[in-house]
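The structure comes before the notes.

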Amino acid sequence: MDGGASYNPRTVEEVFRDFKGRRAAMIKALTTDVEEFYKQCDPEKENLCLYGYPSEQWEVNLPAEEVPPELPEPALGINFARDGMQEKDWLSLVAVHSDAWLLAVAFYFGARFGFDKADRKRLFNMINDLPTIFEVVTGATKKQTKEKSSVSNHSSNKSKSNSKPKYSKAAASKDEVEDGMEDEDDEEHGETLCGACGENYAADEFWICCDICEKWFHGKCVKITPARAEHIKQYKCPSCSNKRARP
């Protein structure tokens, strides 16, 4: 898989699009695809790296052979620490190094194609508006959102019940819109980020909350439909399900 290695973004928008694709890939590896990622990071193998590609595909592989490499290389030997620490701590460590690599690649393109001070600042601001991979993987952004939500005292969570998982329905009814309930829902979830792709909440999308880790997910990212959610008593996201399944 070359993952578009020959692609060279030349404008701020193109570099940011490249950044978002690589970021989405690495978030996928560390969340929804975490079981497969864990298996591929065998400590018995040689030094391995986690690569994210603009096509939103990820790959665990050996580092590039050429010196110097075409692009900055991600952290080397992530597989060696896998069995020497708690899984969540290991994933957090990989996430931190992945964030550093994404910035290195983005600003490598910026330097290569002569971005000036204004372009570099604009690129950084666009990147900084997104949560880091570390924040997505550890749920740090979700915790910050929850704290803000408790201060605002949004006690009427329309998606909660004692016997059903928490979820937010895609479309509000006409009466709800007239009563201002849609605005309240937007305010409550507006800063919530999907635990799989890291993107923001949108009022026209179906979301579901894991009853174990309390992270929110796009239904499409975890393959859950509104109809299916109605019949789930306790929803476990892929990461939480994998943790229980793994010895």
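In strand 2, asparagine 61 is the bridge partner of cysteine 49, and valine 60 of that strand stands opposite leucine 50. The model is predicted, so local features need pLDDT of at least 70 and side-chain atom pairs count only at pLDDT 80 or more, while totals for chains, interfaces and linings use all residues. Residues are numbered from 1 along each chain as its sequence is written, and side-chain values use heavy atoms, with hydrogens and water left out.

**Strands 1 and 2**

- Strand 1 and strand 2 run antiparallel and are joined by four bridges; two strands pair if DSSP finds at least two bridges between them.
- Helices (H or I, at least four residues) and strands (E, at least two) are DSSP runs, numbered from the N terminus.
- Strand 1 is covered on both faces, with Cys49 and Tyr51 buried on one side and Leu50 and Gly52 buried on the other.
- Buried means under 20% relative accessible area, exposed over 50%, and partly exposed in between (1.4 Å probe, protein chains only).
- The hairpin of strand 1 and strand 2 has five residues between the strands.
- Glutamate 56, in the loop between these two strands, has a positive phi of about 70° although it is not a glycine.
- Glutamate 56 counts as partly exposed because its relative accessibility is 39%.

**Chain as a whole**

- The chain has 10 helices and five strands.
- Of its 247 residues, 41% are buried.
- Contacts (heavy atoms within 4.5 Å) between residues at least 6 apart in sequence join residues at least 24 apart in 66% of cases.

**Nonpolar cores**

- A nonpolar core is a set of buried Ala, Val, Leu, Ile, Met, Phe, Trp, Tyr and Cys residues joined through side-chain atoms within 4.5 Å.
- The largest nonpolar core holds 38 residues, of which Leu30, Phe37, Leu50, Leu123 and Ile133 touch the most other members.
- At least two residues of this core come from each of helix 1 (12-30), helix 2 (34-40), strand 1 (49-52), strand 2 (58-61), helix 3, helix 4 (117-128) and helix 5 (133-138).
- Another core, of 18 residues, lies apart from it and includes Ala196, Trp207, Ile208 and Cys240.
- Leaving aside neighbours within four places in sequence, leucine 123 is in contact with Val12, Val15, Phe16, Ala106, Phe107 and Phe115.
- In soluble globular proteins, nonpolar side chains tend to be buried together.

**Cavities**

- A search of the whole structure finds two cavities of 30 Å³ or more.
- A cavity is a set of points, on a 1 Å grid over the protein atoms alone, where a 1.4 Å probe fits but cannot get out; lining residues have an atom within 4 Å of a point.
- Grid points are joined across faces, edges and corners, and a volume is the space filled by probe spheres set on the points.
- The second largest cavity has a volume of about 40 Å³.
- Its lining consists of Met26, Leu50, Pro74, Ala75, Ile78, Val94, His97 and Ser98.
- Helix 3 (residues 87-112) supplies three residues, the largest share of that lining.
- Six residues of the lining are nonpolar, two are polar and none is charged.
- Here Ala, Val, Leu, Ile, Met, Phe, Trp, Tyr, Cys and Pro count as nonpolar, Asp, Glu, Lys and Arg as charged, and the others, Gly among them, as polar.

**Loop residues**

- Threonine 31, in the loop between helix 1 and helix 2, counts as buried because its relative accessibility is 4%.
- Beyond its neighbours within four places in sequence, threonine 31 is in contact with Val137, Gly195, Ala196 and Ser239.
- Isoleucine 212 lies in the loop between strand 4 (207-209) and strand 5 (216-218) and is partly exposed, with a relative accessible area of 38%.
- Isoleucine 212 is 28 residues from cysteine 240 in sequence, and the C-alpha to C-alpha distance between them is 6.9 Å.
- With neighbours within four places in sequence left aside, the contacts of isoleucine 212 are Gln234, Tyr235, Lys236 and Cys240.

**Backbone geometry**

- Most residues other than glycine have a negative phi, and most peptide bonds are trans.
- Lysine 223, in the loop between strand 5 and helix 9 (226-229), has a positive phi of about 60° although it is not a glycine.
- Lysine 223 counts as exposed, at 67% relative accessibility.
- Valine 67 and proline 68 are joined by a cis peptide bond, with omega about -5°.
- Proline 68 lies in the loop between strand 2 and helix 3.

Key:
1 Å grid on protein atoms, 1.4 Å probe; cavity = no way out; pocket = protein on both sides within 12 Å on 5 of 7 lines; lining within 4 Å.
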